[in-house]
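Trainee: Could you take me slowly through one part of this structure, namely the nonpolar core and the side-chain pairings found around the chain? I would like to see what each residue touches and where it sits.

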Amino acid sequence: MSDNPDFPPIVYKYRNWTDINHQNMLRNNELYLSSPADFNDPFDCRIPENFYLLDTPAKIDEYIGKVIDRQYDTLLKDRIDLKLFSERMKLRLTNRLDQVQGEHEQITFEALDRNYGVLSLSARWDSILMWSHYAQNHKGYCIGFHEEELCKAKLFGRGGMVITPDDNNYPAIDPNDDDIMKKVILQTQYKSNEWAYENEYRLTSLLPGLPTVNDRKRFVTNACVAELTLGLQTPEDHKQEMIEIALTKGIKVFQTVKVPFKFLIDRIQIA
């Protein structure tokens with residue numbers, strides 16, 4: 001991951017200082033792996049395998065064979081007639097494909113919500129919209145992390161830049177494709193191009209069992225923390241609190257400023 005030159009050296013998270021959970025990111029180096037169920041985008045992590053790609057008898061037979069191979073021990077234990085099982089699957093995949101697709105999506109999305117944890121970050125600190133949406137209308141802060149150090153920490157699964165295709169089509173996930181990691185990336189790293197402005201970088205982890213809130217927390221060392229940027233409208237008392245914490249971590253502190261006569265923000269180092 002960190003060896004990829006296309007990945008930003010520093011990745012950012014916009015936060016609200018009046019929220020104690022958001023404070024924990026700066027105070028305690030606490031990162032949270034969110035469930036897709038909590039996302040504000042109903043399309044995010046909602047890309048299923050496309051059973052409509054099983055559009056020939058050969059592809060259907062291939063899929064049925066793989067299902068039987070995966071479930072062989074269970075089918076034998078339950079004394080399921082394999083020929084009858086195969087015939088019923090073929091009938092459903094031929095005549096009831098809408099139902100098969102819908103059932104698969106429900107099962108898949110429930111599993112994603114339960115067992116996936118996603119850390120969403122950004123390649124940029126200067127998004128006016130993200131300051132407004134995620135940092136209490138420019139009253140919060142933006143913390144930067146060294147991408148390479150996050151990867152070295154080995155606290156997260158796979159990740160990288162989110163892809164926002166121009167045509168807004170889902171990536172095709174073939175039910176007959178056995179590459180599980182490829183499927184995970186396609187399910188989690190693609191979003192609508194309306195989110196392109198966020199320049200999102202994300203890390204995704206698989207969490208076993210029934211993960212609790214604490215199971216979704218990750219704590220990184222100060223070596224992972226790169227810098228702190230304060231909002232245009234961050235209250236002075238909040239600034240002083242954050243600057244004191246940043247100084248104990250030995251990280252740079254920046255103050256955002258408006259670029260004269262432009263709808264842009266810049267920043268200056270203040271500590």
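Mentor: What follows goes from the core to the aromatic pairs, and then to the charged side chains.

Please keep in mind throughout that this is a predicted model. In soluble globular proteins, nonpolar side chains tend to be buried together. Here the largest nonpolar core has 29 residues, and those with the most contacts inside it are Leu26, Leu31, Tyr141, Phe145, Leu150, Phe156 and Leu228. Several elements supply at least two residues each, including the helices α1 (20-28) and α7 (147-152) and the strands β3 (116-122), β4 (141-146) and β8 (225-230), while α9 gives the most, with 4 residues. If you select Leu31 and leave aside residues up to four places away in sequence, you will find that Leu31 touches Met25, Leu119, Phe145, Leu150 and Phe156, and also Arg216, Lys217, Arg218 and Val220. Apart from this core lies another one, of 13 residues, among them Ile60, Tyr63, Ile68 and Leu97.

Let us turn to the aromatic rings. A pair of aromatic rings is described by the distance of the centres and the angle of the planes. The structure holds 4 aromatic pairs, and one of them joins Tyr14 and Trp131, whose ring centres are 5.3 Å apart and whose planes stand at 90 degrees, so this pair is edge-to-face. Because Tyr14 lies in strand β1 (residues 10-15) and Trp131 in helix α6, the pair ties together parts that are 117 residues apart in sequence, and both residues are buried. Another pair is formed by Trp17 and Tyr141, with ring centres 5.6 Å apart and planes at 75 degrees, so it is edge-to-face as well. Trp17 belongs to the loop between β1 and α1, whereas Tyr141 belongs to strand β4, 124 residues away, and Trp17 and Tyr141 are both buried.

The charged end of Lys191 sits over the ring of Trp195, 4.5 Å from its centre, and Arg267 lies over the face of Phe254, at 3.9 Å from the ring centre.

Side chains of opposite charge can pair when their charged atoms come close. A search of the whole structure finds 16 salt bridges. In one of them, Lys66 pairs with Asp178, the closest N and O atoms being 3.2 Å apart; Lys66 is in helix α2 (residues 57-70) and Asp178 is in the loop between β5 and α8 (180-188), so that the pair links parts of the chain 112 residues apart. Lys66 has 15% relative accessibility, and because buried means under 20%, it counts as buried. Compare this with the bridge between Lys59 and Asp55, where the closest N and O atoms are 3.0 Å apart: Lys59, at 34% relative accessibility, counts as partly exposed, and Asp55, at 53%, counts as exposed. Arg92 forms a further salt bridge with Glu103, with the closest N and O atoms 2.7 Å apart, and this pair links helix α4 (residues 82-95) to helix α5 (residues 97-115). Finally, salt bridges that share partners join Asp44, Lys191, Glu200 and Arg202 into one network, and Lys191 is the residue whose charged end sits over the ring of Trp195.

Technical notes: Residues numbered from 1 in each chain as written. Predicted model: local features only at pLDDT ≥ 70, side-chain atom pairs only at ≥ 80, totals over all residues. Heavy atoms only, no water. Core = buried A, V, L, I, M, F, W, Y, C linked by side-chain atoms within 4.5 Å. Buried < 20%, exposed > 50% of the residue type's maximum accessible area, 1.4 Å probe, protein only. Contact = heavy atoms within 4.5 Å. Phe/Tyr/Trp six-rings, centres within 6.5 Å; stacked < 30°, edge-to-face > 60°. Lys NZ or Arg CZ within 6 Å of the ring centre and 35° of its normal. Salt bridge = Lys/Arg side-chain N within 4 Å of Asp/Glu carboxyl O.
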